[in-house]
Amino acid sequence: MRFPLALTVKIARHIIRHKLRKTPRFALVLQLEPLHTCNLTCTGCGRIREYSTSLKDMMALEDCLESARECDAPMVSICGGEPLIYPKIKELVAGLLEQGRIVYICTNGMFMRRELRDYLASIYSPAVEPTLARLLAEKLISEKEAEAIRKAKPDGRPAIKPSKWMYWNVHVDGLEYTHDLIVEREGVFKECVLAVRMAKILGYQVATNTTVYKETDVKEIEQMFEFFSSLEVDGHTISPGYDYDAAKKDMVKRLGRQPEDFFLTRAMTRAKFAKIQEWGERFTIFGTPVYQEFLAGKRELTCTAWAIPTRNIRGWKAPCYLMTDGHYEHYQEMLDRVDWDKYGVVNGVARDSRCENCMVHCGYDPSGALGTNYQGGDNWKNFKYNFWPRPKPFVEGAKVPAFNGFSIGKGHLAEAKAAVQNGLAGARSAFQNNGHNGASAGSCGSGTSPEKDDLLAKLREVKPSNR
Ligand code: SF4
Ligand code: SF4
């Protein structure tokens, strides 16, 4: 099965229960942002920009747990910022699992191995030695770290343990060269790969989380899937980025410029995702086949942003993960007070001009699961996609030249910076701005921004032989 049976049954029961009760709107996935602090400053990150005045604030543990109870979503995606910086992350994961939630930890990967070592320390006994030996042999831990694991004293905190109810969801937007440039730090991709390998050895479920930008090279994304498939990851989330900016819209109107000069338009998204169904056959792509058909331009869906609500330090963010028209104290209050009929695109007509080109998973993936815009055969398609055997790991993916940047001396600070100095002006501005200037409705792993597109466009100007 693509998705473990117990998890599929849990989600199906949740949907059926609400359908029988005729609940008009309910949550499927809670996007919980306990903090917006991050250890990285990715090019054009929308989150650290939108919440720049409250980067030091964080939600209390009890507020996080209560938010999950309040919306009662079967799945909780802990994002941010970087959730592994949240001081109570272990207690948060334990508390959500205790509530019976399916938990995704959306991370940039930099602190993941630290959590894995903490887990090993929490279960250490001589029986763990063969695992330590393997991790040492594969250079996933150092001798010093192995010793620290052996000597650690229990601190009473719950470690993040492997569980069929939990996934690490590691953010990667390309192979090493591209990813490290986007996150503006060399070595990040390599650390992500080490963390994924270590997590798989320890028995965790691991997924990757990728955003496709206007300038993303889809061939590279396919290679990235091949590579991570060879590492036997358990699934991939992929979504088109989306950026709305009133100034750009105004330029389209007043200056007669083409929308595709500025936006990842619907037509462009469909072109980028033309092979999504083929990818769904080859790799364990999360999300419904109905959403995949939507991305490939084969059908329309209506936005159901209320099904993937975002809760952060300011409250329940409405109407969606990307746009902010307000924050509410309670989920039900948000459901009741937001005029949901004002948002989304229906039969190709945008009800709000900001929604015009949006096809993001947090607005439309639940529509596929909830049967919005139902067409005959959809239930069978969804059933078959979930229950059919999971695609086999693509062993040939190990040959993908994934380490094409920092690891071979072509990282952000080496060749890339040299390329920038040689006139890649857009990339230079992205570096100089440290990712915090310019308009962006982007966010961690799910948004986009002009800076990212500019950077990716300039990267494509670098000849492949140089990459
Ligand atoms: S269409 Fe997109 S931008 Fe508009 S409300 Fe839905 S998710 Fe948000
Ligand atoms: S995109 Fe994510 S990882 Fe990057 S700076 Fe923003 S919150 Fe951090």
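Start with ligand 1: 14 residues surround it, and the closest are Cys303, Cys320, Cys355, Cys358 and Gly363. Keep in mind that this is a predicted model. The protein chain has 467 residues, and 48% of them are buried. Its secondary structure comes to 20 helices and 11 strands. Here's a quick tour, topic by topic.

**Around the ligand**

- Sort the shell around ligand 1 by class and you get 11 nonpolar residues, two polar ones and one charged one.

**The chain as a whole**

- Take the contacts in the protein chain with a separation of 6 or more: 79% of them are between residues 24 or more positions apart.

**Helix H9 and its partner H8**

- Helix H8 covers residues 176-183 and helix H9 covers residues 188-201; their axes come within 8 Å and cross at roughly 115°.
- Angles of 65 to 115 degrees count as roughly perpendicular, so that is how H8 and H9 sit relative to each other.
- On the H8 side, the contact is made by Glu176, His179, Asp180 and Val183, while H9 brings in Val188, Phe189 and Lys190.

**Helix H9 and its other partner here, H5**

- H9 also packs with helix H5 (residues 112-122), at an angle of about 25° and with the axes 9 Å apart.
- Since angles under 35 degrees count as roughly parallel, H5 is roughly parallel to H9.
- If you're checking handedness, H5 passes H9 in a left-handed crossing.
- The residues that meet are Met112, Arg113 and Leu116 from H5 and Leu194, Ala195, Met198 and Ala199 from H9.
- By class, the contact of H5 with H9 has six nonpolar residues, one charged residue and no polar ones.

**Two cis peptide bonds**

- As background, most peptide bonds are trans.
- Going from Gly80 to Gly81, though, the peptide bond is cis, with omega near 15°.
- To find that spot, look in the loop between strand E2 (75-78) and helix H4 (89-98), where Gly81 lies.
- Ala318 and Pro319 are joined by a cis peptide bond as well, and omega there is about 5°.
- Pro319 isn't in a loop but in a strand, E8, which covers residues 315-319.

- Most residues other than glycine have a negative phi.
- Lys139 has a positive phi, near 60°, and is not a glycine.
- You'll find Lys139 in the loop between helix H6 (129-137) and helix H7 (143-151).
- A residue with 12 or fewer C-beta neighbours within 10 Å is exposed, and Lys139 counts as exposed because it has 9 of them.
- Asn347 isn't a glycine either, yet its phi is positive, at about 50°.
- The loop that holds Asn347 runs between strand E10 (345-346) and strand E11 (349-350).
- Asn347 counts as exposed too, because it has 7 C-beta neighbours inside 10 Å.

Terms used: Residues are numbered from 1 along each chain as its sequence is written. Chains are lettered from A and ligands numbered from 1 in the order in which they are written. This is a predicted model: local features need pLDDT of at least 70, side-chain atom pairs count only at pLDDT 80 or more; totals for chains, interfaces and linings use all residues. A residue is near a molecule or strand if its C-beta atom, placed from the backbone, lies within 6 Å of it. Ala, Val, Leu, Ile, Met, Phe, Trp, Tyr, Cys and Pro count as nonpolar, Asp, Glu, Lys and Arg as charged, and the others, Gly among them, as polar. Axes are lines fitted to C-alpha atoms, for helices over the stretch in contact, and angles run from 0 to 180 degrees between N-to-C directions. Helices (H or I, at least four residues) and strands (E, at least two) are DSSP runs, numbered from the N terminus. Angles under 35 degrees count as roughly parallel, over 145 as roughly antiparallel, 65 to 115 as roughly perpendicular and the rest as oblique. Two residues are in contact if their C-beta atoms, placed from the backbone, lie within 7 Å. A crossing is left-handed if the near helix is turned anticlockwise from the far one by less than a right angle, and right-handed if clockwise. A residue is buried if 20 or more other C-beta atoms lie within 10 Å of its own, exposed if 12 or fewer, and partly exposed in between; C-beta atoms are placed from the backbone.
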